[in-house]
Amino acid sequence: MSSGRTIVVGITGGIAAYKAVNIVRAFVLRGDSVHVVATTAALRFVGKPTLEAISRNPVHTDLYEGVAEVRHVAIGQSADLIVVAPATAHTIAKLACGLADDLLGNTILASTAPLVIAPAMHTEMWNNAATRANVQTLRERGVVVVGPGTGRLTGADSGAGRMEEPDTIVAAALAALAASDLAASDLAASDLAASDLAASDTAAAGVAGNLGDLRGKRIVISAGGTREPLDPVRFLGNRSSGKQGVALAEAAVARGASVVLVAANLEVPAPEQVDLRPVGTAAELDRAMSIAAVDADVVIMAAAVADYRPAEVRPEKIKKDDTGDTLMLTLVRNPDILAGLAAAKKPGQVVIGFAAETESDPDRLLTLGREKVARKGCDYLVLNRVGWTEGFASERNEVRVLDGRGDIVIEASGSKLSVAERILDLLR
Ligand code: C5P
């Protein structure tokens, strides 16, 4: 990845401002020249000396300082990339309207550099119709919107609105920068893309970010975990939260794809822009996937599907008094949905499966993955380790992606969103 670029980091007034220090630091460590433009509200959350020490440059806030050097446009004109993190609801509204009542607003309006924003706010503010419309406006103008993620917020509450982790924001920002460099170049795009991508770091290889490289693609994604009922109150289930599948859906939508999300008992909110098809059991998921796959370009089976279901679903709650000290359940095999989808694949369609395994030895894990990709007949298999503390509920993931021959084509680790970006890079 090339270094020594001029990057403006805009910091606005949210508690996540303290995390922006790590974003500044990541760019500085790459060798970039980093200029922080903070709002006055941002400086109530993080100190100017901290930002100056880390960025190794003066931090600007005031529109009426440096007037002789026309600072209000000079900073924006010199930028190769502008990253606003955190971006509050207020700042997002200002950007959508093109307001320039402070130095950051002027800097952004005066710049033609790619703009990446990382929203951070409470769930209600993020879900507010005004914020949704403003974010949509910015996306349509080509602004890269990273996150927000879901998780613990400032108070005791948690939900959507948490600023994405700094490494994800930096990765998306570098991706946007690389994409803009490519667009600006007269060189044959394919040659340059290949060489530039080969040199880029893990998550930054999701070059397109929100820039529309999957526009026109119809992608069907299953996410979550199926639940197989035993009686009206109980089920056999698994610990899949749906986070990786939802991250894939989010990233695909941001890159311009039209996405059907077949959602099995998600523990996280589905992105608004998807065609959401909720399901409960493996049989329902099978039906929904078969219908959606008919006209899909890409099918991704990220859901954890129960391999077995109870042979009989009792119409009434199973009572201890009726069963005694032990309860024998008879389970029957569910169809392998992924194998079915791969067998019914249409010409040109790409089918991607997941394999979550508890095997701790990396070589044996790889062997299991190779056997699985051959058995299922899919084009790619995303292989990851799961365990009591790994995988399911985690915000992060570490995967190897095998192609149909069992060769490793991607090794990626980081936030589930950055892993999703890498997987989607296979589809460009
Ligand atoms: O065989 P295993 O469960 O490890 O395979 C995992 C992959 O197969 C995932 O992509 C999952 O969605 C899919 N699967 C399926 N139908 C099943 C079991 C798993 O489609 N009955």
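Let's start at the ligand: one of its oxygen atoms lies 2.8 Å from a backbone N or O atom of Phe354. That is a polar contact, meaning a pair of N or O atoms within 3.5 Å; within protein, one must be able to donate a hydrogen and the other to accept it, and residues adjacent in sequence count only if both atoms are side-chain atoms.

Before I go on, some ground rules. This is a predicted model, where local features need pLDDT of at least 70, side-chain atom pairs count only at pLDDT 80 or more, and totals for chains, interfaces and linings use all residues. Residues are numbered from 1 along each chain as its sequence is written, and side-chain values use heavy atoms, with hydrogens and water left out.

Back to the ligand. Which residue puts a polar side-chain atom 2.2 Å from an oxygen atom of the ligand? That is Lys372. On the nitrogen side, a polar backbone atom of Ile337 is 3.0 Å from a nitrogen atom of the ligand.

How much of the ligand does the protein cover? On its own, the ligand has 450 Å² of accessible area, and the protein covers 88% of that. These areas come from the Shrake-Rupley method with a 1.4 Å probe; for residues, only the protein chains shown count as cover.

Where does the ligand sit? In the largest pocket. A pocket here is found on a 1 Å grid over the protein atoms alone: an open set of points with protein on both sides within 12 Å along at least five of seven lines. To sit in one, a molecule needs more than half of its atoms within 2 Å of its grid points.

Now the shell. There are 13 residues around the ligand. The closest are Met301, Ala303, Leu338, Phe354 and Lys372. By type, the shell has eight nonpolar residues, one polar and four charged. For the classes: Ala, Val, Leu, Ile, Met, Phe, Trp, Tyr, Cys and Pro are nonpolar, Asp, Glu, Lys and Arg are charged, and the others, Gly among them, are polar. Helix H13 (337-343), strand S16 (350-357) and helix H14 (362-376) each give two or more residues to the shell. Helices (H or I, at least four residues) and strands (E, at least two) are DSSP runs, numbered from the N terminus.

Next, helix H15, residues 416-425. Is H15 mostly covered or mostly open? Mostly covered: 10 of its 10 residues are buried. Buried means under 20% relative accessible area, exposed means over 50%, and partly exposed is in between, with a 1.4 Å probe and protein chains only. The buried residues of H15 include charged side chains by our classes: Lys416, Glu421, Arg422 and Asp425 are among them.

The side chain of Gln244 reaches the backbone oxygen of Lys416 at 3.0 Å. Gln244 is in helix H10. Gln244 counts as buried because its relative accessibility is 8%.

Helix H10 (243-254) leads us to Ala257, in the loop between H10 and strand S11 (258-264). Why does Ala257 count as buried? Because its relative accessibility is 8%. In sequence, Ala257 and Gly212 are 45 residues apart; in space, 7.6 Å, C-alpha to C-alpha.

Contrast that with Glu228, in strand S9 (residues 228-229). Glu228 is 117 residues along the chain from Lys345, and their C-alpha atoms are separated by 27 Å. Glu228 is buried, at 2% relative accessibility.

One more pair. Leu51 is in helix H2 and is buried, at 0% relative accessibility. Leu51 and His35 are 16 residues apart in sequence and 9.4 Å apart in space, C-alpha to C-alpha.

Now the backbone. Where are the cis peptide bonds? One joins Ala85 and Pro86, with omega about -5 degrees. Pro86 is in strand S3 (residues 81-87). Another joins Gly147 and Pro148, with omega about 5 degrees. Pro148 lies in the loop between strand S5 (144-145) and strand S6 (149-152).

Last, positive phi. Arg56 is not a glycine, yet its phi is about 65 degrees. Arg56 sits in the loop between helix H2 (48-55) and helix H3 (71-78). Arg56 is exposed, with a relative accessible area of 61%. Asn265 is not a glycine either, and its phi is about 55 degrees. Asn265 is in the loop between S11 and strand S12 (275-279). At a relative accessible area of 23%, Asn265 is partly exposed.

Terms used
A residue is near a molecule or strand if one of its heavy atoms lies within 4 Å of it. On a 1 Å grid over the protein atoms alone, a cavity is a set of points where a 1.4 Å probe fits but cannot get out, and a pocket is an open set with protein on both sides within 12 Å along at least five of seven lines; lining residues have an atom within 4 Å of a point.
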